[in-house]
Amino acid sequence: MTSITDTMQHDHVLIDGYAERAAAAAETSAWPDLEREGGEFLRRLRRHIEMEEGVLFPAFEERTGMVQAGPSAQMRMEHTQMQPILEQMQAAISAHDGAGYRRASQALFEILLPHNQKEEQMMYPMLDQAVGDQASALLAQVRAMAI
Ligand SMILES: [Fe+2]
Ligand SMILES: [Fe+2]
């Protein structure tokens, strides 16, 4: 049976790939590539956050009763911190502003890198443990949201 940890970790890797290709495109002023890869990065990351906040975290909170001070609350707060930076990246793509894109991307990854590590090492394993045999049903919901 596929775990939440494996599935969501795989999505992190996939999303990171778009970020790397977008950063390379921004570096070389390859605007069509930046629009495609950067646009896909933003769309997939936003969808990934929706999967967490809309499906997985509520299931965790329901099972454990940890709502206010638990790990999912911390993850939600970090998602909120990312939102204005994602807007800046979107604006930089539209404006063909390679330097602005790289600056915003760097700021994002200062949050996103440790965030993903915390999810992979703590949040997702706790989720797998908390939801038990409900994991398959939750993953089916998550996959239905995939782009
Ligand atoms: Fe997250
Ligand atoms: Fe995540």
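Tutor: An axis here is a line fitted to C-alpha atoms, for helices over the stretch in contact, and angles run from 0 to 180 degrees between N-to-C directions. The model is predicted, so local features need pLDDT of at least 70 and side-chain atom pairs count only at pLDDT 80 or more, while totals for chains, interfaces and linings use all residues. Residues are numbered from 1 along each chain as its sequence is written, and chains are lettered from A and ligands numbered from 1 in the order in which they are written.

Student: Which residues of H1 and H4 meet?

Tutor: Among them are Ile4, Met8, His12 and Ala23 in H1, and Tyr101, Asn116, Tyr124 and Leu127 in H4. They meet in the sense that C-beta atoms, placed from the backbone, lie within 7 Å. By class, this contact has nine nonpolar, six polar and five charged residues. Ala, Val, Leu, Ile, Met, Phe, Trp, Tyr, Cys and Pro count as nonpolar, Asp, Glu, Lys and Arg as charged, and the others, Gly among them, as polar.

Student: Why is the pair H1 and H2 called roughly antiparallel?

Tutor: Helix H1 (residues 4-27) and helix H2 (residues 31-64) pack at an angle of about 155°, with their axes 8 Å apart. This angle falls in the roughly antiparallel range, hence the name. Residues making the contact include Ile15, Tyr18 and Ala22 of H1 and Leu34, Phe41 and Leu45 of H2. By class, there are 11 nonpolar, two polar and six charged residues.

Student: Which residues touch the most other members of the largest nonpolar core?

Tutor: Of its 16 residues, these are Ile4, Leu56, Leu127 and Leu138. H1, H2, helix H4 (98-131) and helix H5 (135-144) each supply at least two residues of this core, and H4 gives the most, with five residues. A second, separate core of 15 residues includes Ala19, Leu42, Leu45 and Leu108. Such a core is a set of buried Ala, Val, Leu, Ile, Met, Phe, Trp, Tyr and Cys residues joined through C-beta atoms within 7 Å.

Student: How is Leu112 classed, and why?

Tutor: Leu112, placed in helix H4, has 21 C-beta neighbours inside 10 Å and so counts as buried. The C-alpha atoms of Leu112 and Glu78, 34 residues apart along the chain, are separated by 8.2 Å.

Student: What class does Glu53 receive, and why?

Tutor: Glu53 lies in helix H2. With 15 other C-beta atoms within 10 Å, Glu53 is therefore partly exposed. Apart from neighbours within four places in sequence, Glu53 is in contact with Arg76 and His79.

Technical notes
Helices (H or I, at least four residues) and strands (E, at least two) are DSSP runs, numbered from the N terminus. Angles under 35 degrees count as roughly parallel, over 145 as roughly antiparallel, 65 to 115 as roughly perpendicular and the rest as oblique. Two residues are in contact if their C-beta atoms, placed from the backbone, lie within 7 Å. A residue is buried if 20 or more other C-beta atoms lie within 10 Å of its own, exposed if 12 or fewer, and partly exposed in between; C-beta atoms are placed from the backbone.
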